[in-house]
Amino acid sequence: MIRGVKIVSIPVSDQDVALKFYTEKLGFKVATDQPMGPGQRWIELSIPGSATSLALFTPPGHESRIGGFQPMTFWCDDVFATAAMLKNNDVELEEEPRKEVWGTMAKFKDPDGNVFVFSSR
């Protein structure tokens with residue numbers, strides 16, 4: 001029986017740049033960083049307090065997925081406070097926080113132009 005989401009891949013063009021962004025700007029932790037085929041590494045990051053991990057990995061032939069809106073949403077306790085922290089860490093917000101009927105949300109960009117929603121739980 002499926003019990004949850006273990007790993008979500010984020011398509012990136014430069015694993016070193018992405019690793020620095022996700023660890024230094026967002027505070028994610030390195031769970032694994034090891035060689036995986038020619039010119040790539042398997043970089044798995046943990047999000048403090050979450051069971052889901054992220055992989056900074058783009059399979060060969062899937063480079064077109066790098067940049068643009070990504071179909072996943074991060075959650076946080078306070079979108080406004082998280083947006084302020086991200087701005088303080090020089091993370092570009094694609095969209096400022098706003099309240100919706102279902103909750104509060106905002107969007108940020110990573111160095112590759114990948115756009116992610118973050119919202120209140």
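User: What makes a region of this predicted model count as a pocket?

Analyst: In this predicted model, a pocket is an open set of grid points with protein on both sides within 12 Å along at least five of seven lines. The largest pocket has a volume of about 540 Å³.

User: Which residues line the largest pocket, and which lie nearest its centre?

Analyst: Its lining has 20 residues, and Phe 28, Ile 47, Phe 74, Trp 75 and Cys 76 are those nearest the centre. Strand 5 (68-76) and helix 2 (79-88) each contribute at least two residues, and the largest share, five residues, comes from strand 5.

User: How is the lining of the largest pocket divided by class?

Analyst: The lining comprises 14 nonpolar, five polar and one charged residues. Phe, Ile, Trp and Cys count as nonpolar, so Phe 28, Ile 47, Phe 74, Trp 75 and Cys 76, nearest the centre, belong to the nonpolar class.

User: How do you know that the buried residues of helix 1 line one face?

Analyst: Buried means under 20% relative accessible area, and in helix 1 (residues 15-25) the residues so classed are Gln 15, Ala 18, Leu 19, Phe 21 and Tyr 22. Seen down the helix axis, they fall within an arc of 165 degrees, so they line one face. Among the elements covering them are strand 1 (7-10) and strand 8 (114-120).

User: What makes Asp 14 a cap of helix 1?

Analyst: A side-chain oxygen of Asp 14 lies 3.0 Å from the backbone nitrogen of Asp 16. The limit for a polar contact is 3.5 Å, so this pair qualifies, and Asp 14 caps the N-terminal end of helix 1.

Methods:
Residues are numbered from 1 along each chain as its sequence is written. This is a predicted model: local features need pLDDT of at least 70, side-chain atom pairs count only at pLDDT 80 or more; totals for chains, interfaces and linings use all residues. Side-chain values use heavy atoms; hydrogens and water are left out. Buried means under 20% relative accessible area, exposed over 50%, partly exposed in between (1.4 Å probe, protein chains only). Helices (H or I, at least four residues) and strands (E, at least two) are DSSP runs, numbered from the N terminus. The arc is that of the directions from the helix axis to the C-beta atoms. Contact means heavy atoms within 4.5 Å. A polar contact is a pair of N or O atoms within 3.5 Å; within protein, one must be able to donate a hydrogen and the other to accept it, and residues adjacent in sequence count only if both atoms are side-chain atoms. On a 1 Å grid over the protein atoms alone, a cavity is a set of points where a 1.4 Å probe fits but cannot get out, and a pocket is an open set with protein on both sides within 12 Å along at least five of seven lines; lining residues have an atom within 4 Å of a point. Grid points are joined across faces, edges and corners, and a volume is the space filled by probe spheres set on the points.
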